[in-house]
Amino acid sequence: MKKYIYGLFFALVSVVMFTACSEDEGSDIGSDSQAKATLYQYTATEPNDADIDTQIRIATNSATQSAYLLVEKTADYESRLTQLGEEGYKDYVVENGEKIEGAEGAANIDKTIKNLTGDNTIVVVAVGGSKYLTSVNFKAKTWTTVAEGTYNFAGVGAQLFGASRPATLQVEDANPKQFRFKDFYGTGKHMFFNLTGDQGQLQDGTVVNVLSLPEQATPFSHPNYGTIFCADMLTHKTGNNPSFMTKDYYAVIYMQWYVTAGPFTVTGPETFVPNE
């Protein structure tokens, strides 16, 4: 009986070990039998524009002999995939895509894909033994200028940036509540705010839209306290006055400039005045 139990236990252990080995195939260098690629996607960092650029890492396994990259509009990708089938589409990517340099064996390749518009699908096909397809999506943001004007700083803002500067106000095409001052701190360095959906009324009867300027880092640093941040005072919980914008894009922002050590003193609101 003991021999039977021992034999059964040994057989079970052998099955478990065999299954584990099958599942772990590819985890040891040089053990992969079929090519495989994994795509990781990241928010594009400066000097890239995260609205229209994306960064990816392509991780290939040891069986990969080559890999190919293709960027298509998502509608085209879906149509072609339906028409050709997955295997046919893999061949299409190999024939029409960019051969990825360095994608031989186990490797990590970083790439930045720039100046995208609309909805995009980024496809990689790894080749070796068979073909393996993987993809990620990226939806580019587009903006429309609604006003050119002057941004007027107050208090610490004026000390940091001067009394005023020209500013371009834009609205996101896909989200009419999302705005930005384009290139506010330099090329590709914008200031963002959004309309909350709430409205108010000024003493003269003018209806205004309440805005929120979320906490965001600027590209500037304090010599002793590091990165300088900004947010409207209501968002940062250092004041009770709501910031707002009129239908003509005149904006009043109760701005809070701050560092991690604490907020700077506020002396008054900042304004955006559109050109007439």
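These notebook entries record what I looked up in a predicted model of one protein chain.

**Entry 1: ground rules**

I number residues from 1 along each chain as its sequence is written, and for side-chain values I use heavy atoms, with hydrogens and water left out. Because the model is predicted, local features need pLDDT of at least 70 and side-chain atom pairs count only at pLDDT 80 or more, while totals for chains, interfaces and linings use all residues.

**Entry 2: the chain as a whole**

I first looked up the secondary structure, which comes to 4 helices and 19 strands. Helices (H or I, at least four residues) and strands (E, at least two) are DSSP runs, numbered from the N terminus.

I then looked up burial: of the 276 residues in the chain, 39% are buried. Buried means under 20% relative accessible area, exposed means over 50%, and partly exposed lies in between, with a 1.4 Å probe and protein chains only.

The accessible surface comes to about 15700 Å², and carbon and sulfur atoms hold 51% of it. Accessible areas come from the Shrake-Rupley method with a 1.4 Å probe, and for residues only the protein chains shown count as cover.

For contacts (heavy atoms within 4.5 Å), I looked at pairs at least 6 apart in sequence; 56% of these join residues at least 24 apart.

**Entry 3: the nonpolar cores**

A nonpolar core is a set of buried Ala, Val, Leu, Ile, Met, Phe, Trp, Tyr and Cys residues joined through side-chain atoms within 4.5 Å. The largest has 27 residues, and Tyr 151, Phe 181, Met 191 and Trp 257 touch the most other members. Elements that each supply at least two residues of this core include strand S8 (143-152), helix H3 (156-161) and strand S9 (164-172). Strand S10 (175-186) gives the most to this core, with 4 residues. A second, separate core has 19 residues, including Leu 39, Ile 113, Val 136 and Ala 140.

**Entry 4: the largest pocket**

Rolling a probe the size of a water molecule over the atoms shows where empty space is left. On a 1 Å grid over the protein atoms alone, a cavity is a set of points where a 1.4 Å probe fits but cannot get out, and a pocket is an open set with protein on both sides within 12 Å along at least five of seven lines; lining residues have an atom within 4 Å of a point. Grid points are joined across faces, edges and corners, and a volume is the space filled by probe spheres set on the points.

The largest pocket holds about 440 Å³ of space. Its lining has 20 residues, and Glu 46, Ala 50, Gly 188, His 190 and Phe 192 lie nearest its centre. Strand S7 (130-139), strand S11 (189-201) and strand S13 (216-222) each supply at least two lining residues; the largest share, 4 residues, comes from S13. By class, I record 7 nonpolar, 7 polar and 6 charged residues in this lining. Here Ala, Val, Leu, Ile, Met, Phe, Trp, Tyr, Cys and Pro count as nonpolar, Asp, Glu, Lys and Arg as charged, and the others, Gly among them, as polar.

I looked up Phe 192, which lies in strand S11 and is partly exposed, with a relative accessible area of 25%. Beyond four places in sequence, its contacts include Trp 143, Leu 213 and Pro 214.

The peptide bond from Glu 46 to Pro 47 is cis, with omega near 10 degrees. Pro 47 lies in the loop between S1 and strand S2 (54-60).

**Entry 5: single residues**

Ala 37 is found in strand S1 (residues 37-43) and counts as buried at 1% relative accessibility. Its contacts beyond four places in sequence include Ile 58, Val 124 and Tyr 132.

Asn 115 is not a glycine, yet has a positive phi of about 60 degrees. At 58% relative accessibility, Asn 115 counts as exposed.

Asp 183, in strand S10, also has a positive phi, of about 50 degrees. Asp 183 is partly exposed, with a relative accessible area of 29%.
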